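The exercises below ask the reader to work from the coordinates of a predicted model. Each task sentence is followed by a solution that goes step by step.

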Amino acid sequence: MIDTTMMPIRNAMTVDVEDYFQVSALAPHIERATWDARVCRVEHNVDRLLSLFSDRGARATFFVLGWIAERHPQVVRRIAAAGHEVASHGYEHRRCTEMTRAELAGDVSRAKRLLEDLTGEAVNGYRAPSFSIGTANPWAFDVLLEAGHRYSSSVYPISHDHYGMPDAPRFPYEARPGLREIPIATVKCLGRNIPAGGGGYFRLAPYAVSRWAVRRINEVDHRPAIFYVHPWELDPGQPRIAGTSIKTRFRHYVNLHKTESRLDRLLRDFRWGRMDDVFGLRT
């Protein structure tokens with residue numbers, strides 16, 4: 001019999017399934033009405049992730065945008081068939097802070113029904129676009145609970161110019177009775193929460209920083225780390241959007257060519273699973 005108490009902690013690998021033209025930071029430069037006219041690159045990039053996860057024996061949670069699922073249902077079915085969890089990223093990729101309660105309820109319910117129809121399974125998880133649940137809209141948790149979600153991963157307990165709730169707990173907590181919030185990974189350093197859960201930070205800093213952070217969360221905090229990546233981050237050949245600021249270009253395009261190899265190292269260096277398995281939320 002294997003002594004599981006001696007096994008390394010299993011962390012949660014997550015993917016926010018959206019395409020390059022749906023990124024919030026690029027929204028001022030891309031009209032939503034043009035989305036359907038653009039070449040969608042998400043299917044190929046999701047397939048690359050599925051292949052990588054398969055090669056490394058990893059499972060993940062894919063927070064799928066309803067807009068993508070509606071136009072590319074085969075992507076959702078392939079994700080589920082490969083043994084990964086399908087969760088919701090909402091339908092329109094609008095920040096929760098930009099919607100009324102009624103608008104958010106409609107967006108959340110539409111995406112959940114669509115994904116459940118495609119997979120035949122309950123969609124338990126939700127992640128807000130741009131981690132846009134915070135002190136300004138705590139009622140959003142009530143909307144998620146009413147829609148039937150069991151957990152959210154919509155809070156990033158850091159300070160950032162686009163998102164963040166630095167005073168939120170670093171580890172899972174009950175946002176509402178029956179709804180657990182599972183924040184993105186951070187490391188406590190000099191009294192501040194330092195991002196440790198992927199995204200642009202994974203590309204901009206050397207890989208050793210991410211490896212150190214995940215190991216510290218596992219070995220010092222004795223907790224799983226929650227990591228996230230976007231399919232477009234594996235796609236250095238994506239179209240460049242004109243008119244963006246230097247800061248936006250830096251954040252979005254730097255080191256895209258390194259993401260896949262770094263992610264492969266991360267999958268080899270640590271154990272990874274689905275959110276619902278790691279946190280005991282599978283129905």
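**Exercise 1.** Find the residue just after α5 that takes a positive phi, then determine which residues of this helix are buried and how they are placed around its axis.

*Solution.* Step one: the residue just after α5 is G148, whose phi is positive, at about 100°. Step two: taking buried to mean under 20% relative accessible area, one finds that the buried residues of α5, which spans residues 139–147, are A140, F141, V143 and L144. Step three: these residues cover an arc of only 155° around the axis, and therefore they lie on the same side of α5. An α-helix has 3.6 residues a turn, so residues three or four places apart point the same way. Step four: the partners against which the buried residues of α5 pack are the helix α4 (101–119) and the strands β4 (125–126), β5 (151–152), β6 (173–176) and β7 (179–181).

**Exercise 2.** Decide whether N124 is buried or exposed, and list its contacts beyond four places in sequence.

*Solution.* Step one: locate N124, which lies in the loop between α4 and β4. Step two: because its relative accessibility is 5%, N124 counts as buried. Step three: once neighbours within four places in sequence are set aside, N124 is in contact with H149, R150, Y151, L281 and T283.

**Exercise 3.** Describe the largest nonpolar core, and follow the contacts of L263.

*Solution.* Step one: the largest nonpolar core has 55 residues, of which M13, F53, F62, V64, L263 and L266 touch the most other members. Step two: the element that gives the most to this core is helix α1 (residues 42–55), with 6 residues. Step three: apart from this core lies another, of 17 residues, including C96, L104, I133 and A175. Step four: leaving out neighbours within four places in sequence, the contacts of L263 are M13, L49, L52, F53, F202, F227 and V229.

**Exercise 4.** Search the whole structure for cavities of 30 Å³ or more, and characterise the lining of the largest cavity.

*Solution.* Step one: the search finds 1 cavity of 30 Å³ or more. Step two: the space in the largest cavity comes to about 50 Å³. Step three: its lining is formed by R170, F171, P183, I184, A185, T186, I217, P224, A225 and I226.

Key: Residues are numbered from 1 along each chain as its sequence is written. This is a predicted model: local features need pLDDT of at least 70, side-chain atom pairs count only at pLDDT 80 or more; totals for chains, interfaces and linings use all residues. Side-chain values use heavy atoms; hydrogens and water are left out. A nonpolar core is a set of buried Ala, Val, Leu, Ile, Met, Phe, Trp, Tyr and Cys residues joined through side-chain atoms within 4.5 Å. Buried means under 20% relative accessible area, exposed over 50%, partly exposed in between (1.4 Å probe, protein chains only). Helices (H or I, at least four residues) and strands (E, at least two) are DSSP runs, numbered from the N terminus. Contact means heavy atoms within 4.5 Å. On a 1 Å grid over the protein atoms alone, a cavity is a set of points where a 1.4 Å probe fits but cannot get out, and a pocket is an open set with protein on both sides within 12 Å along at least five of seven lines; lining residues have an atom within 4 Å of a point. Grid points are joined across faces, edges and corners, and a volume is the space filled by probe spheres set on the points. Ala, Val, Leu, Ile, Met, Phe, Trp, Tyr, Cys and Pro count as nonpolar, Asp, Glu, Lys and Arg as charged, and the others, Gly among them, as polar. The arc is that of the directions from the helix axis to the C-beta atoms.
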